Amino acid sequence: MKILVINGPNINMVGIREPSIYGAQTYEELCRTIDAAGAEFGVEIERYQSNYEGDLVTKIQQAYGVFDGIVINPAAYTHTSVAILDALKAVSIPAVEVHISDISQREAFRQLSYPGMYCEKTIKGHGFAGYREAIQYLAEKYGK
């Protein structure tokens, strides 16, 4: 099984950006967490991070016929990007949305998730462990 893990804008700044919300662990530690989960569940992982919406859409489109699942943290694009939603719908790959913080407990504008409208599941507020949970979910449900 192959899973694409996509991180949106500013996720590369975890550990630096608002540690009271996102924690003190670095992006490199997040990458290690993701890779370890892939190894644990016997899943091939590809990681991708971009601060640009169009790059995220293109990466999702390129996943068609290549990946069996997508784990996505659209970050700020969660609340604004119909384009990411449409890309997920277009490729029809099972997807899980992940958020490091609990967006349901944050500002009112963070309550709407466009990409989450497609995703089978949303994991929020579990920190880096949410990525492991998402990989486990996809591996157990769709693993071959």
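Which residue of S3 does Ile3 stand opposite? In this predicted model, the residue opposite Ile3 is Gly69 of S3. The legends below take the sheet, its inner strands, the surrounding loops and selected side chains in turn.

**View 1. The open sheet is built from five strands with parallel pairing.** The strand order is S2-S1-S3-S4-S5. Strand S2 (44–49) and strand S5 (121–124) are the edge strands, and each pairs on one side only. From one strand to the next, the twist averages 20°. Helix H2 (residues 27–40) lies across strand S1 (2–7) and S2. Relative to S2, helix H2 runs at about 155°.

**View 2. S1 and S3 run parallel and are joined by five bridges.** Ile3 and Gly69 stand opposite each other in this pairing, with Gly69 belonging to S3. Gly69 is also one of the buried residues of S3, on the side that includes Val71 and Asn73.

**View 3. Strand S3 (residues 69–73) is covered on both faces.** One side carries Gly69, Val71 and Asn73, the other Ile70 and Ile72, and these residues are all buried. Because five of the five residues of S3 are buried, S3 is largely enclosed by the rest of the structure.

**View 4. Strand S3 and strand S4 (residues 95–99) pair in the parallel sense over three bridges.** Val71 is placed opposite Val96 of S4. Ile70 has Ala95 in S4 as its bridge partner. With five of the five residues of S4 buried, the strand is largely enclosed by the rest of the structure.

**View 5. Ser113 is found in the loop between S4 and S5.** Ser113 counts as buried because its relative accessibility is 14%, and the limit for buried is under 20%. Its side chain makes a polar contact of 2.5 Å with the side chain of Glu97. Leaving aside residues up to four places away in sequence, Ser113 touches Thr78 and Glu97.

**View 6. Ala75 and Ser92 have positive phi values although neither is a glycine.** Phi is about 55° for Ala75 and near 55° for Ser92. Ala75 lies in the loop between S3 and helix H4 (82–91), while Ser92 is found in the loop between H4 and S4. Are these two positions buried or exposed? Ala75 is buried, with a relative accessible area of 12%. Ser92 is exposed, with a relative accessible area of 51%.

**View 7. Gly42 and Gln136 are 94 residues apart in sequence, with their C-alpha atoms 9.7 Å apart in space.** Gly42 has its place in the loop between H2 and S2. Its relative accessible area is 58%, so Gly42 is exposed.

**View 8. The charged end of Lys2 sits over the ring of Phe67.** The distance from the charged end of Lys2 to the centre of the Phe67 ring is 5.2 Å. A search of the whole structure for aromatic pairs finds zero.

Methods:
Residues numbered from 1 in each chain as written. Predicted model: local features only at pLDDT ≥ 70, side-chain atom pairs only at ≥ 80, totals over all residues. Heavy atoms only, no water. Pairing = 2+ DSSP bridges. Helix = DSSP H or I, 4+ residues; strand = E, 2+ residues; numbered from the N terminus. Axes fitted to C-alpha atoms, helices over the stretch in contact; angles between N-to-C directions. Contact = heavy atoms within 4.5 Å. Phe/Tyr/Trp six-rings, centres within 6.5 Å; stacked < 30°, edge-to-face > 60°. Lys NZ or Arg CZ within 6 Å of the ring centre and 35° of its normal. Buried < 20%, exposed > 50% of the residue type's maximum accessible area, 1.4 Å probe, protein only. Polar contact = N/O pair within 3.5 Å; in protein donor to acceptor, adjacent residues only side chain to side chain.
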